Amino acid sequence: MAQSLELLLIQFLMPDNDARRQAEEQIRRLARDPQVVPALVHHLRTAKTPNVRQLAAVLLRKKITSHWPKLPPHAKASLKQALIDSITLDNSHLVRRASANVMSIIAKYAVPAGEWPELLPFLFQCSQSPQEEHREVVLILFSSLTETIGSTFHSHLNVLQPILLQCLQDETSSRVRIAALKAVGSFIEYISDGPDIVKMFRDFVPSILKISRQCLANGEEDVASIAFEIFDELIESPAPLLGDSVRSIVQFSLEVCSNQDLEINIRQQAVQIISWLVKFKAAFLKKNKLILPILQIMCPLLTETANEDEDSDLAADRSAAEVIDTMAINLPRHVFAPVLDFASVRFRDINPKYREAAVTSLGVISEGCSEQFKDKLDECLKVVLEALKDQEQMVRGAASFALGQFAEHLQPEILSHYESVLPCILNALEDPSDEVKEKSYYALAAFCEDMGEDILPYLEPLTCRLVMSLQSSPRNLQETCMSAIGSVAAAAEQAFIPYAEKVLEMMKGFMVLTKDEDLCARARATEVVGIVAMAVGRARMEAILPPFIEAAISGFELDYSELREYTHGFFSNVAEILDDSFTPYLPHVVPLVFSSCNLDDGSAVDIDDADDADNGFSGVSSDDDVNDEPRVRNISVRTGVLDEKAAATQAIGFFALHTKSAYAPYLEESLKILIKHSGYFHEDVRLQAIISLKHILTALRAISAHVDILEKQRDILDTVMNIYIKTMTEDDDKEVVAQACMSVADIVKDCGFAAVEPYMPRLAEATLALLRQESCCQQVESDGEDDGDIDHDEVLMDAVSDLLPAFAKVMRSYFDPIFVKLFDPLMKFAKSPHPPQDKTMVVATLAEVAQEMGAPISAYVDRIMPLVLKELASAEATNRRNAAFCVGELCKNGGAAALKYYADILNALHRLFANSEPDHAVRDNAAGAIARMIMVQPQSIPLNQVLPVFIKALPLKEDHEESMAVYSCLCNLLLSSHPQILTLVPDVINVFAQVVVSPDESDEVKINIGKAVSHLISVYGQQMQPILSALPPAHANALAALASRR
């Protein structure tokens, strides 16, 4: 075989394609025989040309896995020795590397079996060789071996560390240094955590930094690039591998990213390292005061834009913006002030690039620093609106971008500035620059969406301007213009009716476009039709929707993912509008939704098989039984398909929710899809699956109950609840977990305790884990530093805290055994250094639990009341409001345990009735608390002092959920002819008269008032007449009408 194989190897390397193919086929046939191994070993050591020797090694690597177990001991020994000889004696770098890769695969099987005890001693000896080639190849082999026998190195760390350190510092060979860097990097992924490992990597960092600086100075940027890859791995590792080296890495990265003489790729890597440090080592950055130095470099980098011949994705300004955005999200309180200082100074800079950077920086941090913006919004808005009038296009473009960011992220505070903002946006729509116009449409769309009735004074000029622009603008501007029209319609609702016909007629023209370049505009138009339909309502839309639905369905023939995505959103809107009248469309649209849900993700995996691809040997394939595990270098996913899947998954839920029992034929397939998507790799799809699962339950409950259906309902409820509980504990995305919590709370309230009782122990455990911040989504990798700086987790913890009242609502007093376990973890959120939002979350939760659980809350009063009394004096209105509600429920259900606090409570509540209290909802909840105290312990209240103040605060202005308690209290006092209320009857009647004509109050409240007034008339008829006569006629008549019903 050896002689014929040699000829075939030579033939395979010939330029003649036919000869190559013939050789490949014969090599493939010969390679099935284990005897090919000694033949290839022979050519590896004796072939005259390096290419043949390298090819022999490559073929060995491909075939050795299947043949190794079949080789006799002497053949195995001969192969191992030949490989050692090859990597130490061969004069070809490529042959040595290929042989090293074969050794790595053999070691995977031989070392664990004890068949190669001399390998590691040989490698350690070889690493000390005076020959550069030996040191380099052994480091390459170290890198490969970590993938196959990485755990074996644990017992040799004391020897390995000085070798790697020595090679990192090898001043005689850049190839050795590079190989050492790669070897260090390979250990990060394959060696587990442990104190020795942590120390080893911390010791490496100074040497890596030193060699990187040297290489950058010598123009060897590829070596520094490897260093950044290692830092990337170190930062992402769950083990604290960096320690105090973080400061040095930050300094080095800032040096690199600010050095304009370096290539953009290496600077981009440096910026990315800063971004990862912000994400994973935020506490360390705060503790070591590194935030300001980072911002002092990143903010000026916003002035560096890409040249026309450069990749804009790698531009310094874009990378810096991403870092600043990440910092704002992770470190908002530490980022806001420095960025605001930069913007305030630089927005008047003579250099327009700095003015652009100043405004951009404010837009970039608006999402993360939304809380900090509240007190400085006037100042920041002044900067942005002034920049919108700048003479330079780049500055105006940045200002329109920032304004869009403000509109998107600073809700609802930004809406109060509509009188100054909207005219500026309207002016910007006339800008000569299409870029400024496009960003201004985006700003307008984001701003208008939540304006509600405040948009009405601007509705006509806005809509007319947008319709005119839509008719005359280029295609890219038409798309953003349509988004703005949709937002205006959503805000105006019924007021948009006069403009709907014109807009819909224009959309009809876009929805028949079929050219590739027009399909994005068609997608936007489809979306706008759905939004307009939602705004103007079913009565005006039902008759005219069919042609739009037909056009939307026909769009699926065009194979454009974004169009399908927006069309699914359109179908969701139409289902919501038509409700059960959407049923006839289900046979047409459900298959389209299922098709999108079942699309291939388009993921592509890039396999590291450099030996074959790089050297032209890819034609010889491995046997089917070869089980080598290739190294995955990169995974990419078509995001368009993800968005389409998310929209289609959402549509399933909307169809089920609104057509209910009519959706029965599609429930089984829908459930299969949603179960699969609840574990999908991307959180956007999982989120929609979690939402839609609850809607599937809604549809199922609407089906007429019989034995089979009831069994099906139980099975599906079991499936859904198990998914939700698993999501709560195992999903790594907070928004998905939050939605699971909200869905569980809704199901508990909708289905009742009997249905969810089997799941309560696991639900309680999952809730406990979330309150203890031990669930998967709360395990943020970090360096373990904690400086006590905590931000309110609005996304997750507000949803988690809603679970407790939901459980209490259906379990009542039986919730207490569960609540006793949850109480202390919940109360920790009310302790320093948690922010005010956490404290009020706790107080609101306790209030609702007290309201629903009843008497067992008395056991907790002594631990809750100090917190609530303190919160009554909070600087935050929301905190005072929730505290007032909570104190009322504690008094109502706390029994004797609450009674001893009455004097302190009355003193604290008295301040909330003073003129100095600016918030109506706070005063309303204080009135509700007083009402509950009077109803449960009237003898413990100094009514002669309390009632005048109480009645003066009425009627309720904002929080009408307190109406039943407040007005029932007054009615009960009147019905019992309590002496303290009788002197105040004129004031009470005046309050009642306002309540009975209020559209905000319920019929139940008004009926109770009617009974109380009727009682007064029957008992004190003559005395009541002048009081009633003093009322405005409309009030008097309404009151009399209610009183006469009795």
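Into which domains is the protein divided, and how do domain 2 and domain 3 contact each other?

Guide: The model is a predicted one. Its domain assignment gives domain 1 as residues 1-116, domain 2 as residues 831-959 and domain 3 as residues 974-1045. Between domain 2 and domain 3, the C-alpha centres are separated by 27 Å. Seven residues of domain 2 and nine residues of domain 3 make up their contact. About 670 Å² is buried between domain 2 and domain 3, and carbon and sulfur atoms account for 84% of that area. On the domain 2 side, Leu947, Ile951 and Pro955 contribute 59% of the area buried against domain 3, which is more than any other three residues supply.

For context elsewhere in the chain, helix α13 (residues 245-257) packs with helix α14 (residues 264-280): their axes come within 8 Å and cross at roughly 145°. This crossing of α13 and α14 is left-handed. Among the residues making the contact are Val246, Ile249 and Val250 of α13, together with Ile266, Arg267 and Ala270 of α14. Sorted by class, the contact of α13 with α14 comprises twelve nonpolar residues, one polar and one charged.

In the model, residues 380-418 are 67% helix and 0% strand, with end C-alpha atoms 15 Å apart. Residues 421-459 are 62% helix and 0% strand, and the end C-alpha atoms of this span lie 15 Å apart.

Definitions and conventions:
Residues numbered from 1 in each chain as written. Predicted model: local features only at pLDDT ≥ 70, side-chain atom pairs only at ≥ 80, totals over all residues. Heavy atoms only, no water. Helix = DSSP H or I, 4+ residues; strand = E, 2+ residues; numbered from the N terminus. Axes fitted to C-alpha atoms, helices over the stretch in contact; angles between N-to-C directions. Left-handed = near helix turned anticlockwise from the far one by under 90°. Contact = heavy atoms within 4.5 Å. Nonpolar A, V, L, I, M, F, W, Y, C, P; charged D, E, K, R; others polar. Domains from an automatic or database assignment. Buried area = accessible area lost by both parts, 1.4 Å probe.
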